[in-house]
Amino acid sequence: MVAHIYLGHADCAEGHCLFCIGTPGFCIVCKGSEGEIPTECPGRPMTRDQADAVRTGELDYRDGRWTALRR
């Protein structure tokens, strides 16, 4: 499983920074955010079509490959 690397700020001065507490969540590798984050990180930026398909539940990335999901 390839883990996502989420955006956070070193020495963040805001005690309530949404990125530092893990919400909304933004992977700096695949550029997925919230509902666009696949199960595993594909290791490169997703295309807009891939991100849209992940968000709508049509596509996921797991076990090292893209998988079309039934709706």
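Which residues is Met 46 in contact with, leaving aside its neighbours within four places in sequence? They are Cys 30, Gly 32, Glu 36, Pro 38, Ala 51, Val 54 and Trp 66, where contact means heavy atoms within 4.5 Å. Keep in mind that this is a predicted model, where local features need pLDDT of at least 70 and side-chain atom pairs count only at pLDDT 80 or more, while totals for chains, interfaces and linings use all residues. Residues are numbered from 1 along each chain as its sequence is written, and side-chain values use heavy atoms, with hydrogens and water left out.

**The chain as a whole**

- Of the 71 residues in the chain, 28% are buried, meaning under 20% relative accessible area, with exposed being over 50% and partly exposed in between (1.4 Å probe, protein chains only).
- The accessible surface comes to about 4800 Å², and carbon and sulfur atoms account for 53% of that; areas come from the Shrake-Rupley method with a 1.4 Å probe, and for residues only the protein chains shown count as cover.
- Take the contacts between residues at least 6 apart in sequence: 16% of them join residues at least 24 apart.

**The nonpolar core**

- Eight residues make up the largest nonpolar core: Cys 27, Cys 30, Cys 41, Met 46, Ala 51, Ala 53, Val 54 and Leu 59. Such a core is a set of buried Ala, Val, Leu, Ile, Met, Phe, Trp, Tyr and Cys residues joined through side-chain atoms within 4.5 Å.
- Helix H1 (residues 48–55) gives the most to this core, with three residues.

**The hairpin**

- Strands E1 (residues 59–62) and E2 (residues 65–68) pair in the antiparallel sense over four bridges; to count as paired, two strands need at least two bridges found by DSSP.
- Leu 59, a member of the core, stands opposite Ala 68 in E2, and Arg 62 has Arg 65 as its bridge partner.
- Two residues sit between the strands of this hairpin, and Asp 63 takes a positive phi near 55 degrees.

**The aromatic pair**

- Searching the whole structure turns up one aromatic pair.
- Tyr 61 and Trp 66 form an edge-to-face pair, because their ring centres are 5.0 Å apart and their planes are at 70 degrees. Rings of Phe, Tyr and Trp (its six-membered ring) pair if their centres lie within 6.5 Å; planes under 30 degrees apart count as stacked, over 60 as edge-to-face and the rest as tilted.
- Tyr 61 is buried at 12% relative accessible area, whereas Trp 66 counts as partly exposed at 25%.
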